[in-house]
Amino acid sequence: MAVLVIAEIQGDGVAGQRLSEQTCRAVTAAQQLSDNVDLLLWGTSSAHIVDQLQGYPLGQIHLLESAAVEHGLAESLAPVITALAVDYQAVVAGSSTFAKDLLPRVAAMLDVGMTSDVIAIESEDTFIRPMYAGNAIAKVRSHDAIKVITIRSAAFALPLTNGCDPVTVVRVREDIAALAVNDLSSFVSEQITESERPELSAAKVVVSGGRGLQSAEQFHLVEQLADKLNGAVGASRAAVDAGFIGNDFQVGQTGKIVAPDLYIALGISGAIQHIAGMKDAKVVVAINKDADAPIFDVADYGLVGDLFDLVPEMIKRLPQS
Ligand code: FAD
């Protein structure tokens with residue numbers, strides 16, 4: 001079996017760019033399918049990332065350096081991946097918004113099914129994935145010749161990156177690269193949220209605020225506690241809908257899935273849709289003035305009280321990490 005992992009790049013400027021942590025974890029998942037794992041690396045500045053990947057458990061890197069894929073539009077990348085996929089039995093990527101846009105299109109073009117949000121791999125054709133906002137776990141068997149899979153990165157470790165043979169780099173053939181030129185979509189602009197804080201999906205500590213914060217001004221308490229703990233900021237959908245913070249920060253079924261070492265929920269009731277996004281956190285701490293709030297059912301440590309009294313006290317007493 002041969003597996004093609006689709007790279008996603010993160011970081012600012014050419015020098016700051018690197019393979020996303022989700023892609024690195026997708027490589028680990030791919031290794032559980034096969035020892036024969038290749039990577040598609042795309043973009044106008046992808047060549048310098050190749051150096052970072054020496055030592056990775058990869059056979060070869062398909063390098064697609066083309067202005068047509070500069071912004072990673074699904075309509076440009078999907079035909080290229082579909083053409084490359086004929087030599088593979090599985091196409092794998094992390095469960096990011098990028099992959100959620102791209103891989104269903106690839107699956108449709110290959111006329112195969114799509115298996116998303118895989119949390120464990122049982123065999124070459126059998127995968128475990130959550131359903132109903134994590135309330136049920138399904139075992140899915142795919143009979144397709146090419147499996148198209150996204151993986152929940154929290155469920156897979158980072159790959160070991162030493163002791164491997166050097167990676168071979170092959171440029172994508174010109175006739176295949178030409179498929180990236182499309183007239184279905186074009187890039188207009190993007191707005192990137194700049195933050196000094198760790199990225200929410202990969203952070204070891206996440207401090208999330210809910211409707212209990214009452215206003216955007218008071219939501220700064222969440223940010224202050226996150227900064228004290230060198231953590232990322234998250235939010236419930238109610239907090240996002242109320243305009244306390246942008247929807248990039250939403251945790252839950254329709255937001256980001258997080259699995260930090262420590263998750264602190266402030267003024268969040270614990271609706272199942274929120275729990276679906278954070279229940280894999282190792283330690284959950286909840287502060288809520290309602291002792292019967294469902295968040296306490298999943299919390300390892302709970303503090304019943306007014307967050308406007310308790311959180312400033314915590315910020316005062318905690319050392320800067
Ligand atoms: P509330 O439920 O209003 O809870 C506020 C909590 O703050 C209460 O428990 C209250 O006791 C406490 N509180 C108030 N004041 C204080 C104080 N001073 N000190 C301490 N505690 C205080 N939600 C998500 O979060 N993420 C999702 O991805 C998501 N997806 C959804 C998808 C669908 C299809 C649907 C239908 C809903 C979804 N929701 C999602 C919404 C979800 O059902 C809840 O409405 C939402 O999570 C509630 O947010 P909350 O806990 O902040 O607000």
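A polar contact is a pair of N or O atoms within 3.5 Å; within protein, one must be able to donate a hydrogen and the other to accept it, and residues adjacent in sequence count only if both atoms are side-chain atoms. This is a predicted model, where local features need pLDDT of at least 70 and side-chain atom pairs pLDDT 80 or more, while totals for chains, interfaces and linings use all residues. Numbering starts from 1 along each chain as its sequence is written, and side-chain values use heavy atoms, without hydrogens or water.

View 1. A ligand nitrogen lies 3.1 Å from a side-chain N or O atom of Asp306. Ser236 places a polar side-chain atom 2.5 Å from a ligand oxygen. At Gly255, a polar backbone atom is 3.4 Å from an oxygen of the ligand. The protein buries 77% of the 990 Å² that the ligand exposes when taken alone (Shrake-Rupley method, 1.4 Å probe).

**View 2. The shell around the ligand.** The ligand is surrounded by 25 residues (a heavy atom within 4 Å). Arg211, Ser236, Thr254, Ser269 and Asn288 are the closest. By class, 14 are polar, 6 nonpolar and 5 charged. Here Asp, Glu, Lys and Arg count as charged, and Gly as polar.

**View 3. Helices at the ligand.** Helix H8 (237-241), helix H9 (272-278) and helix H11 (307-317) each give at least two residues to the shell. Helices are DSSP runs (H or I, at least four residues), numbered from the N terminus.
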